[in-house]
Amino acid sequence: MGRFYITTPIYYVNDVPHIGHAYTTAAADVAARFHRQLGDDVFFLTGTDEHGTKVEQAAVARGLSPKEHVDEVVEKFKEVAAKVGASNDFFIRTTDPEHEQFVQSFVQRCYDSGDVYKSSYSGLYCPACEAYYTEENLVDGLCPDHGTAPVHMEEENYFFRLSAYEERLLAHYRRHPDFVRPRHRYNEALSFIEQGLEDISISRATLKWGIAVPWDASQVIYVWVDALINYLSALHYAPGEDLVHRFWPATYHLMAQDILKFHGVIWPALLMSAGYALPEHLFIHGYLKLGGEKMSKTRGNVMDPFPLIERYGADPFRFYCLREVSFGQDGVVSEEGFKARYNSELANELGNLVSRTLAMVERYREGIVPAGRSAGGMDSPLAPEADQTAVRAQEQLEDMDLSGALETVWGFVRRLNRYVEEQAPWKQAKEAPRALDATLWDLVEGLRLLSVLLYPFVPQTALVLRKRLGLDRSTGSEQETAQAAGESTGMPRAAEPRGREGDVPSWQEARWGLLPEGLRVANGKPLFPRIQE
Ligand code: ME8
């Protein structure tokens, strides 16, 4: 049994969430669920980044105080986590008093290490990135990420000696070639460092909406420093015993490339300064793009995940994002693409496979799965491929190749559909009853295996499938089963228990031949009714 601590970025609450936020949270959830299936000790953290210029400006624009604004918008972010079926163990807000206190003690440690000094800053700042820019880093005088004009800033600030960490960072990167994944992102982060590091301003004199610098209450801590520390502060006050020892250092910080520099350079240097171990890995997934451009709230070209999820459920949304976009690369998403994949893969391939298999067991064998194979089912032609699928999917999931693992599992869905055509059970029913028993056993065993392998990606579907297969004998309805997997009840599930542990199908079951004898199956409504328009 291992230990697995995964985080999403904490999202800015200057505006409501979009599909990019839902994507990172859903992907982190896939990894968290898989590691729970393995029996690992798992902690999954998400939350919101609530201080800083950008949030303050958003509040002012709405005529609200920053606190009123963040208290309102945070609900949308909690809702998005709930709606994508996230099984997060905690939801952190940087306005939590416990976080604020911890940030102060962390920054104090950096100060005590001699890494903080006062100096004056004069230069450019992009409020949308909450980042400083030099002229050379701009494109036509505009922020390369947001296309907006940076503002000139001049003030006395506290600086962190980032430059003093150049060598230690380089040494860390050399010793840990998988510190940042995928490889091209490692190279990108390494080249930032190799280009030479300058000290960074870590406080703001004019901003009010932030955490006070512990030794000088006239300044607030720079929002990125405040935000990065969340990954550690949460473990100090989230419910649970000894979380710091159990879970630090984080196994994976998950994010897109926009914030690689902060996580790959500034965060490790801050941790070194304050005397903490560094996270094991950063995993940088790609951007979801609408048309050709990265979606961003500042650019205003965003896709709202709520209507899709509300209409079709969390599982199809998770499935679509992880099928459509190769994990670690950029990919284009659209509502048409969602509908096309839903119909061709979820409705036609998986949905039909389940309904026709169960319908045949009901029709030909009165709903009781026949003992069609010898113990272990190794005389089935599907056995080798089934076991290879499980082994391969495990390797890919352990390696964070989430879309690769789903592709592997989907290959087995397709194999089972071909098997139905090859065996033609409707003919066997007339001519070869023993062969039919074997076919039906194989198909139900295939579905049982899929209920384990698909669980990280489409947890509600996997649990409903297990119920239909007769594997889950609890008395609750299918809807209750789905809810136990994290289906939205419209309520934020921050820090709520994440369903009964017994619901999680153990990865030990990801092997061919474990089908219990004499299961009674029950077909039901189509798992994925076709989208007509
Ligand atoms: O950067 N495609 O918050 P943020 C894929 N508060 N992922 C996307 C995306 C897209 N088009 N757009 C956003 C911040 N994301 C800081 C983080 S962490 C200590 C502080 C996801 O609200 C992706 O994970 O701008 C990206 O890194 C993150 O949202 C940025 O969220």
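## The ligand site and other local features

In this predicted model, 26 residues surround the ligand, and the closest are Ile10, Thr24, Asp49, Asp258 and Leu288. By residue class, the shell around the ligand divides into 14 nonpolar, 8 polar and 4 charged residues.

| Residue | Protein atom | Ligand atom | Distance |
|---|---|---|---|
| Histidine 21 | N or O atom in the side chain | oxygen | 3.2 Å |
| Aspartate 49 | N or O atom in the side chain | nitrogen | 2.7 Å |
| Leucine 288 | polar backbone atom | nitrogen | 2.8 Å |

How much of the ligand does the protein bury? The ligand taken alone exposes 670 Å², and 96% of that is buried by the protein.

Several elements give two or more residues to the shell around the ligand: the strands β1 (3-12) and β12 (252-256), together with the helices α1 (19-38), α7 (223-228) and α8 (230-237). Which of the elements supplies the largest share? That share comes from β1, with 4 residues.

The next feature is a sheet. Three strands form an open sheet in the order β9-β11-β10, and their pairing is antiparallel. The edge strands, each pairing on one side only, are β9 (203-204) and β10 (212-213). Strands of a sheet pair through backbone hydrogen bonds, in either a parallel or an antiparallel way. Here β10 and β11 (residues 216-221) run antiparallel and are joined by 2 bridges. Across from alanine 212 stands valine 220 in β11.

Two helices are described next. Helix α13 covers residues 335-365 and has a kink of about 35°, centred on glycine 351. Glutamate 366 follows α13, and its phi is positive, near 50°.

The other helix, α3, spans residues 66-83 and contains both glutamate 79 and lysine 83. These two residues form a salt bridge, in which the closest N and O atoms are 3.1 Å apart. Why are glutamate 79 and lysine 83 separated by about one helical turn? They are 4 residues apart in helix α3, and therefore about one turn lies between them. An α-helix has 3.6 residues a turn, so residues three or four places apart point the same way. Over the whole structure, a search finds 32 salt bridges.

Conventions: Residues are numbered from 1 along each chain as its sequence is written. This is a predicted model: local features need pLDDT of at least 70, side-chain atom pairs count only at pLDDT 80 or more; totals for chains, interfaces and linings use all residues. Side-chain values use heavy atoms; hydrogens and water are left out. Two strands pair if DSSP finds at least two bridges between them. The bend at a residue is the angle between axes fitted to the seven residues ending there and the seven starting there. A residue is near a molecule or strand if one of its heavy atoms lies within 4 Å of it. A polar contact is a pair of N or O atoms within 3.5 Å; within protein, one must be able to donate a hydrogen and the other to accept it, and residues adjacent in sequence count only if both atoms are side-chain atoms. Accessible areas come from the Shrake-Rupley method with a 1.4 Å probe; for residues, only the protein chains shown count as cover. Ala, Val, Leu, Ile, Met, Phe, Trp, Tyr, Cys and Pro count as nonpolar, Asp, Glu, Lys and Arg as charged, and the others, Gly among them, as polar. A salt bridge is a side-chain nitrogen of Lys or Arg within 4 Å of a carboxyl oxygen of Asp or Glu.
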